[in-house]
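I opened the model today and kept notes as I went. Each entry records something I looked up.

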Amino acid sequence: MTIILPSTPENISRAANILRDGGLVAFPTETVYGLGADALNPAALAKIFQAKGRPTADPLIVHIHTLNDLNQLASQVSDLALTLAETFWPGPLTLVLPKTAAVPSLITAGLGSVAIRLPDHPVALALIKAAGTPIAAPSANLFGHTSPTTAQHVYNDLAGRVDLILDGGPTRVGVESTVLDLTSTPPRILRHGGIPRERIEQVIGSVDVMARDYAPTESLPSPGLLAKHYAPYTPLTLFKNDLLGTKMLDFVQAETALGKSIGVMVIDEEAHRFEAIGCQVYRLGQANNPAAIASHIYNALRWFDGRSLDAIACHDVSPSGIGSAIHDRLLRAATSVIE
Ligand code: TXA
Ligand code: MG
């Protein structure tokens, strides 16, 4: 049975005991909720893949609570890695580094590198510390589904598959960490996320970004880059290059005329145009506040999933700063893209 408990000190130590005993605990981080297991216990790690329905070819991120744990997991910690860790940790940046023999191959999908991050959330940090071991944690959703930003989202996907869910309220950032591969030169962003490329480049100079497009059979350096991911169960149509919102409004009007019910995710400034024609509207935040939009995006997708709609329509956002992560997730969640 799965229970949701508030993140009190007592419940955090109860959760830590479950982790030490090889169980699964979902917990809040600043990005999304994670599905945690003892990173050094292969039997516990196997449960993560089973609970999510995730292929074992998709490697996991290891969460630590202090920089001291880095040497146990990474065989080389370059000056560059240290600079990034000191600048951005705790925070939504994951560093891919050469691994030590202590890291089970289930974590790394057999790769020679391991992904590590130190999250910026008091509950996550207290839990890792109390467990006394690094915690492997993917996002706590069923494989391919939208990532969870509340304890209830986790419950909706994983009830009966996780021993305990620690409730820490809605997550602050709302999209996952940026994954930065430091085993290539120059460093390469494998996944856009909470720390924008621009901020990383201010610290270490220019980085590469892994191209989105690839042949489906190609072996992927980061399988989280699978094209179809983060998707709601309701089909999502994404509108690109539609600055005036005319194409989206036309689409919604035409579909509504056909008797379809359409949910619209939209910036605050445009909400009234869609409310005026009777759509279900989720306001994402103001156009000039992409951080607010990022924090709402997954909640919006899941909110519409509960409303038996025929489709969701959403605007793309400009791919700069945190907008790169939003753009990336919307593209991969979308069933169709209209340019
Ligand atoms: O914000 C986050 O990163 C959240 C919270 C829970 O920390 N976690 C998360 O985990 O998003 P997950 O499993 O959903 O995504 C992990 C990503 C995947 O894209 C995976 O392919 C990549 O990290 N990854 C993990 N290890 C890797 C490695 N050794 N080399 C390249 N990519 C790796
Ligand atoms: Mg995920």
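**Ground rules.** I am working with a predicted model, where local features need pLDDT of at least 70, side-chain atom pairs count only at pLDDT 80 or more, and totals for chains, interfaces and linings use all residues. Residues are numbered from 1 along each chain as its sequence is written, chains are lettered from A and ligands numbered from 1 in the order in which they are written, and side-chain values use heavy atoms, with hydrogens and water left out.

**Domains.** I looked up how the chain is divided. I found domain 1 (3–209) and domain 2 (236–338); the bounds come from an automatic or database domain assignment. Taken over C-alpha atoms, their centres are 29 Å apart.

**Where the domains meet.** I checked contacts (heavy atoms within 4.5 Å). Domain 1 brings 22 residues and domain 2 brings 15. I then looked up buried area, the accessible area (1.4 Å probe) that two parts lose on being put together, summed over both. Between domain 1 and domain 2 it is about 1400 Å². Carbon and sulfur atoms give 54% of that area. On the side of domain 1, Thr-146, Val-175 and His-192 lose the most area to domain 2, together 35% of what that side buries.

**Links across the interface.** I searched for salt bridges (a side-chain nitrogen of Lys or Arg within 4 Å of a carboxyl oxygen of Asp or Glu). Two cross the interface of domain 1 and domain 2. I also searched for polar contacts: pairs of N or O atoms within 3.5 Å; within protein, one must be able to donate a hydrogen and the other to accept it, and residues adjacent in sequence count only if both atoms are side-chain atoms. Across this interface I found 11 residue pairs in polar contact, both residues at pLDDT 80 or more. Helix 7 (residues 151–158) gives the most to the side of domain 1 that touches domain 2, with three residues. For helices (H or I, at least four residues) and strands (E, at least two) I use DSSP runs, numbered from the N terminus.

**Ligand 1.** Which residues come nearest to ligand 1? Of the 27 around it (a heavy atom within 4 Å), they are Thr-31, Arg-54, His-63, Ser-177 and Arg-191. I noted some distances from polar side-chain atoms to an oxygen atom of ligand 1. Thr-31 gives 2.7 Å. Arg-54 gives 2.9 Å. Ser-139 gives 3.1 Å.

**Salt bridges overall.** I counted 11 in the whole structure. One pairs Arg-172 with Asp-120 (3.2 Å, N to O). These two residues are 52 apart in the chain: Arg-172 is in the loop between strand 8 (164–167) and strand 9 (178–181), and Asp-120 is in the loop between strand 6 (113–117) and helix 6 (122–131). I also found Asp-157 and Arg-302 joined by a salt bridge (3.1 Å, N to O).

**Backbone.** Most residues other than glycine have a negative phi, and most peptide bonds are trans. I looked for exceptions. The bond from Trp-89 to Pro-90 is cis, with omega near -5°. Pro-90 sits in the loop between helix 4 (79–88) and strand 5 (93–98). The bond from Thr-185 to Pro-186 is cis too, with omega near -10°. Ala-109 is not a glycine, yet has a positive phi of about 55°.
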